[in-house]
Amino acid sequence: MPDHVSNPAELVRIEAAALELLAQRLDGPLRESFDRVAELLAKTVRARHRAVVTGVGKSGLVGRKIAATLRATGTPAHFLHPAEALHGDLGILTPGDVLIALSYSGETEEVLKLLPAVPRLGVTLISFTGSLGSTLASASTHVLDVSVEREACAHQLSPTASTTAMLALGDALAIDVMQRLNFQPRDFAELHPGGQLGRRLATARQLMHAGIALPSVPPSAGMPQIMHEMSAKRLGMTTIQANGKLLGILSDGDLRRLLERNGPHAFHKKASDIMNPNPRTIAPETLAVDALLILEQNKITALIVTEDGTVDTPVLGVLHLHDLWEVAPTTTKIPTFPEPTEEEASTESDPAPTSESENPDGHIDPPSDDGRL
């Protein structure tokens, strides 16, 4: 390996230095141009036009990623290969669109061949280039400087630090535009329905147990009916409803404590006698990450989803902790419920039924894996 680069870490430091140089420019002379480009893209989106990114080779690969990031953060964007553009794909461009051309030298032949068509199509040209005096820069309405002091390549031939700078600038632009558009997590969720990310941004409506999967008994239900409903619906809990109105909730933990206190007499109780009358409710559009936080903060395992998030409107479904396992790794710690100490256990043997418990939400015990008692 050449003397000026002694190890892989040094190669990374060369690219890091390129990013630091880019950051310094954004703090100084490049900031004004960057802001103009970001505002232009935001206006383009508001006017229902698009951003189209183009480039060849390594710059083209970076361009594909920038277009993907723009799309994912609220800016409609496409990648256009310059060679294909010259054979009909220029039709993707319409008046009002923005064309972002990537070329470090600013003299890439395939990209320069597109320049005569730009004004004719009514498109605004933005360039990412390392040569502010290049043909591409001269033809652009806005120029963003991605020049670097050197590449990580020992021969200064393979694009490395320069493409890293291009990529970082594209990311910065996409996120800045996202903020200008006030693009929110709920908007993000609409564009990312798959994978763990989609799970985190799903709503309670999408994840809840509804219809025949929703456990429910009337207030007059006896213990056998309550236990059967909990076991059949496998959520370790049931709602208590009358004429479509939510009256309360019961968990298998509530029943275990009742049996420990009252023994056989517990089987003479009705749902209305032992329910928790203050269930925790949420609105159907609550995001999964927010629902998980509510579960953790209140040390409960289920949330009742109602039309407007209050107990006064009809029940739509139940969102259970198990439905949110995939949300946990990148958001918040999954609630855990340790076994009570001997002192806690002795204290717990005295209190009144769940509906009068000090914990207003009552259902603090996690269900068994199959929801059975």
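Let me start with Ser162: at 2% relative accessibility, this residue counts as buried. Buried here means under 20% relative accessible area, exposed means over 50%, and partly exposed is in between, with a 1.4 Å probe and protein chains only. Ser162 sits in helix α8. Helices (H or I, at least four residues) and strands (E, at least two) are DSSP runs, numbered from the N terminus. Ser162 touches Tyr104, Val148 and Glu151, leaving aside residues up to four places away in sequence. Contact means heavy atoms within 4.5 Å.

A word on the basis. This is a predicted model, where local features need pLDDT of at least 70, side-chain atom pairs count only at pLDDT 80 or more, and totals for chains, interfaces and linings use all residues. Residues are numbered from 1 along each chain as its sequence is written, and side-chain values use heavy atoms, with hydrogens and water left out.

Next, the core. Which residues of the largest nonpolar core touch the most other members? They are Leu41, Leu70, Ile100, Leu102, Phe128, Leu169 and Leu173, out of 32 residues. The elements giving two or more residues to this core are α1 (8-27), α2 (31-46), β1 (51-55), α3 (57-72), β2 (77-80), β3 (98-102), β4 (124-129) and α8 (161-180). The largest share, seven residues, comes from α8. By nonpolar core I mean a set of buried Ala, Val, Leu, Ile, Met, Phe, Trp, Tyr and Cys residues joined through side-chain atoms within 4.5 Å. Take Leu102. Not counting residues up to four places away in sequence, Leu102 touches Val53, Thr54, Gly55, Ser59, Val62, Gly63, Ile66, Val111, Phe128 and Met166.

Now helix α1. Asn7 caps its N-terminal end, with a side-chain oxygen 3.0 Å from the backbone nitrogen of Ala9. At 1.5 Å a residue, the 20 residues of α1 should span 28 Å, and the end C-alpha atoms are 29 Å apart, which agrees. The expected span is 1.5 Å times one less than the number of residues. Buried in α1 are Ile14, Ala18, Leu22, Arg25 and Leu26. Seen down the axis, the buried residues of α1 fall within an arc of 125°, so they line one face of the helix. That arc is taken from the directions from the helix axis to the C-beta atoms. These buried residues pack against α2, β5 (142-145) and α8. The face turned away from the buried side carries the exposed residues Val12, Arg13 and Asp27.

On to a sheet. Three strands form an open sheet in the order β6-β7-β8, with mixed pairing. β6 (216-217) and β8 (245-251) stand at the edges with a single partner strand each, so one side of each has no neighbour in the sheet. Two strands pair if DSSP finds at least two bridges between them. β7 (residues 237-242) and β8 pair in the antiparallel sense over six bridges. Among the bridges, Ile240 partners Gly248, and Met237 partners Ser251. How covered is β8, and how many of its residues are buried? It is mostly covered, with five of seven buried.

Most residues other than glycine have a negative phi. Asn243 has a positive phi of about 55° although it is not a glycine. Asn243 lies in the turn of the β7-β8 hairpin, which has two residues between the strands. Asn243 is exposed, at 86% relative accessible area. Arg48 also is not a glycine, and has a positive phi of about 65°. Arg48 is in the loop between α2 and β1. Arg48 is exposed too, with a relative accessible area of 78%.

Technical notes. A polar contact is a pair of N or O atoms within 3.5 Å; within protein, one must be able to donate a hydrogen and the other to accept it, and residues adjacent in sequence count only if both atoms are side-chain atoms.
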